[in-house]
Amino acid sequence: MSRVNKVILGAHAILANGGMFAITGSLLAATAARVHSTPVAVCAGQFKLTPLWNLYHEFGALDFADPSSVLGFEEGNLVDKVDVMNPYYDYVGPELVDVFITNDGDHPPSSVYRLIKETYDDDDHEL
């Protein structure tokens, strides 16, 4: 990471607080970039902005990948003793992102709420 000039990530969803959901491994890459003072840019279309996200359940995202890619069934007796979860998405906080690049230009995480306010009507916030 010390030889990297910038980290470019994609987003599954961009939240109003400037955080985002991205494919698993994005949190690790963004954290390593922050430690090495490497800027993190997120490229996503404006349709990825979301005013609300359901975080009021046990897990941050409902999409999980196949657990056998983490712990194979050939492990036999270990499989019966553990619960394996393989989340498909990571939540990357706004403090780890330097800029969001959309089809409308580049924006710091602190101004994402404004983009969402311009994109969505107030009635759209009701689920």
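The chat below goes through a predicted model of one protein chain.

Biologist: What should I know before reading the coordinates?
Modeller: It is a predicted model, so local features need pLDDT of at least 70, side-chain atom pairs count only at pLDDT 80 or more, and totals for chains, interfaces and linings use all residues. Residues are numbered from 1 along each chain as its sequence is written, and side-chain values use heavy atoms, with hydrogens and water left out.

Biologist: What is the mean pLDDT of the chain?
Modeller: The mean is 83, and 83% of the residues reach 70 or more. pLDDT is the predictor's confidence in each residue, from 0 to 100.

Biologist: Which elements have the lowest and the highest mean?
Modeller: Helix 2 has the lowest, at 84, and strand 4 the highest, at 97. Where pLDDT is low, the predicted coordinates should not be read in detail.

Biologist: How many helices and strands are there?
Modeller: There are 2 helices and 8 strands, in the order β-β-β-α-β-β-β-β-β-α from the N terminus. Helices (H or I, at least four residues) and strands (E, at least two) are DSSP runs, numbered from the N terminus.

Biologist: Which strands form the open sheet?
Modeller: The order is 1-4-7-8, with mixed pairing. Strand 1 and strand 8 (105-107) are the edges, each pairing on one side only. The twist averages 25° from one strand to the next. Two strands count as paired if DSSP finds at least two bridges between them, and axes are lines fitted to C-alpha atoms, for helices over the stretch in contact, with angles from 0 to 180 degrees between N-to-C directions.

Biologist: Which pairs are parallel or antiparallel?
Modeller: Strand 1 (residues 7-10) runs parallel to strand 4 (residues 40-43), with 4 bridges. Strand 4 is also parallel to strand 7 (residues 99-102), over 3 bridges. Strand 7 and strand 8 are antiparallel, again with 3 bridges.

Biologist: Switching to the core. Which residues touch the most other members?
Modeller: In the largest nonpolar core, which has 19 residues, they are Leu-9, Ile-14, Met-20, Val-42 and Phe-100. Such a core is a set of buried Ala, Val, Leu, Ile, Met, Phe, Trp, Tyr and Cys residues joined through side-chain atoms within 4.5 Å. Buried means under 20% relative accessible area, exposed over 50%, and partly exposed in between (1.4 Å probe, protein chains only).

Biologist: Which elements give two or more residues to it?
Modeller: Strand 1, strand 3 (20-23), helix 1 (26-35), strand 4 and helix 2 (112-119) do. Helix 2 gives the largest share, 3 residues.

Biologist: And what is Leu-9 in contact with?
Modeller: Leaving aside neighbours within four places in sequence, Leu-9 contacts Met-20, Ser-26, Ala-30, Val-40, Ala-41, Val-42 and Cys-43. Contact means heavy atoms within 4.5 Å.

Biologist: Two of those are in helix 1. Which of its residues are buried?
Modeller: Ser-26, Ala-30 and Ala-33 are buried. They lie on the same side of helix 1 because they cover an arc of only 60° around the axis, taken from the directions from the helix axis to the C-beta atoms. Leu-28 and Val-35 are exposed on the other side.

Biologist: What covers the buried ones?
Modeller: The cover includes strand 1, strand 3, strand 4 and strand 6 (89-92). Just after helix 1, Ser-37 has a positive phi of about 55°.

Biologist: Where is Gly-18, and is it buried or exposed?
Modeller: Gly-18 is in the loop between strand 2 (13-15) and strand 3. Gly-18 counts as buried because its relative accessibility is 0%. Apart from residues up to four places away in sequence, Gly-18 touches Pro-94, Phe-100, Pro-109 and Val-112.

Biologist: What about Thr-50, buried or exposed?
Modeller: Thr-50, in strand 5 (residues 49-50), is buried, with a relative accessible area of 14%. With residues up to four places away left out, its contacts are Ala-13, Ile-14, Leu-15, Ala-16, Ile-116 and Tyr-120.

Biologist: And Ser-2, buried or exposed?
Modeller: Ser-2 is in the segment before strand 1 and is exposed, at 63% relative accessible area.
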